[in-house]
Amino acid sequence: MSDGNRHHSVIVVGLGSIGSMTLWQLAQQGVDVLGVEQFGRVHTEGAYAGESRLFRVAAKEGELFTPALLRSRELWRELGAAYGRGVLLEVGALSLAPADHPDLTPTLASIDHFDLPHEILDADTLRKRYPQFHVEEDDIGVLDLLGGAMRPEMAVAAATDQALAHGASAIYETEVLDVVDSGNGVVVHTSRGPFTADRVMVTAGPWTARLLPDLSDVVQTKTFALTWLMPRHVEMFTADRFPGFMRDLDDVHAFGVPTLDGYSIKICPHIDLDAFDDWGDRPTALDRDQLRWIGEQAQRMIPDLIPDVVRWSLHSDSWTPTKMPIIDTVSDGVIVATAFSGNGFKFAPVWGECLAALATNGQNPFADEAFTVSGHRAVALA
């Protein structure tokens, strides 16, 4: 609910995964904060939608991310406790791949460096413990015991509810037209008129370059496919018997989670869809050949699956070739968080905490040059 067009200390533009968490963190600190969202409180258009996400602490992306993921896990549990419903399913996250797969090297390095609770499973042990998977002789499994699965729509709703309970304001069905930093405050022009603030956090996901066109040289938009298939024996895929997982078989990568709907599991063999410059140009469908390929690959990995996709959805996200996020101050009053490249949801509460810190004291506790706009431009020019 809005309290009118008065001046606010902070405005958060976009109340998806990162924006809702930022709103929550700022409101908990007593900051006068307004959130503005072009759709409803929970919707299907954002990068976060799609029932579930995988959560990992042992980061294949590199040790840089593990401390943030450990903090993120604390915040996910805090949010679930406050909301009264668990948004994080603590079922573990299994990485199953050939022993020499390049993603396992940073995963194991992260485990070793931070002494993370885990198990290493050889091929025989994998077959006994997780007979759902097809396992090759050279496969190993790395079970991240702090990992699991998340419910993203519930998480966004929970963070928003907690923010509003702590005094935040929010308006929905309101398009942001532009963000203008005058050097003495920021004006957010919307379909409901202007709003002003000392600082504005732009957490607009695939709409970022529309609002901040100066970032169009480093930020594109890319669409990711989520798919669900039916097991013949769904009782083998409940959360007490089946973890969240990543599977690499030959040159195909997939991720998935246990059954949450009681009849299917999410398994998403990666299909590469072209990047584009504006959300309006996004692909909106998978064709029959793509769906057939996904079904074939999924059944190769998990033979109990009927090789037909029973449900699918497409979700666009801001993207960079390095897959490093941008969390940076782009002018005196404007801070941006973008370029999560389909890989940001598990970090959402900790990035929200970082943005709240940037808004209030100018310090990001997980700052890194790789997360800056200048760092991305340097990589692009290299």
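**Figure 1. Salt bridges of the predicted model.** The structure holds 19 salt bridges, and the model from which they are computed is a predicted one. Side chains of opposite charge can pair when their charged atoms come close. One network formed by salt bridges with shared partners joins E51, D261 and R311. Three further pairs, K60 with D103, D139 with R247 and R210 with D278, are presented in the next views.

**Figure 2. Close-up of the salt bridge between K60 and D103.** The closest N and O atoms of K60 and D103 are 3.6 Å apart. This pair links distant parts of the chain, the two residues being 43 residues apart. K60 belongs to the loop between β3 (53–55) and α2, whereas D103 belongs to the loop between β5 (93–98) and α3 (104–114). D103 counts as partly exposed, because its relative accessibility is 25%.

**Figure 3. Close-up of the salt bridge between D139 and R247.** In this pair, 2.8 Å separates the closest N and O atoms. Are the two partners buried or exposed? D139 counts as buried, at 3% relative accessibility. R247 is likewise buried, with a relative accessible area of 0%.

**Figure 4. Close-up of the salt bridge between R210 and D278.** The closest N and O atoms of R210 and D278 lie 2.8 Å apart. R210 is part of helix α6 (residues 208–211), and D278 is part of the loop between β16 (265–269) and α7 (288–301); the pair therefore ties together parts that are 68 residues apart in sequence. R210 counts as partly exposed, with a relative accessibility of 40%. D278 also counts as partly exposed, with a relative accessibility of 24%.

**Figure 5. Packing of helix α2 against helix α5.** Two packed helices are described by the angle between their axes and the distance between the axes. The axes of α2 (residues 66–83) and α5 (residues 152–165) come within 10 Å and cross at roughly 70°. Because of this angle, α2 is roughly perpendicular to α5. The crossing in which α2 passes α5 is left-handed. On the α2 side, the contact is made by W76, L79, A82 and Y83; on the α5 side, by M154, A155, A157, A158, A159, D161 and Q162. By class, the contact of α2 with α5 comprises nine nonpolar residues, one polar residue and one charged residue.

**Figure 6. Packing of helix α1 against helix α5.** Helix α1 (residues 17–28) packs with α5 at an angle of about 25°, and their axes are 8 Å apart. The two helices are therefore roughly parallel to each other. Their crossing is left-handed. From α1, residues S17, S20, M21, L23, W24 and A27 meet A155, V156, A159, T160, Q162 and A163 of α5. The residues of this contact divide into eight nonpolar and four polar, with no charged residues.

Figure 7. Q162 is placed in helix α5. With a relative accessible area of 14%, Q162 is buried. Which residues does Q162 contact once its neighbours within four places in sequence are left aside? Q162 is in contact with W24, L79, A82 and Y83. W24 is among the α1 residues that meet α5, while L79, A82 and Y83 are among the α2 residues that meet α5.

Figure 8. Most residues other than glycine have a negative phi, and most peptide bonds are trans. A339 is not a glycine, yet its phi is positive, at about 65°. This residue is in the loop between β19 (334–338) and α8 (348–361). A339 is buried, its relative accessible area being 0%. S341 also has a positive phi without being a glycine, with a value of about 55°. S341 is found in the loop between β19 and α8. At 5% relative accessibility, S341 counts as buried.

Terms used: Residues numbered from 1 in each chain as written. Predicted model: local features only at pLDDT ≥ 70, side-chain atom pairs only at ≥ 80, totals over all residues. Heavy atoms only, no water. Axes fitted to C-alpha atoms, helices over the stretch in contact; angles between N-to-C directions. Helix = DSSP H or I, 4+ residues; strand = E, 2+ residues; numbered from the N terminus. Parallel < 35°, antiparallel > 145°, perpendicular 65-115°, else oblique. Left-handed = near helix turned anticlockwise from the far one by under 90°. Contact = heavy atoms within 4.5 Å. Nonpolar A, V, L, I, M, F, W, Y, C, P; charged D, E, K, R; others polar. Salt bridge = Lys/Arg side-chain N within 4 Å of Asp/Glu carboxyl O. Buried < 20%, exposed > 50% of the residue type's maximum accessible area, 1.4 Å probe, protein only.
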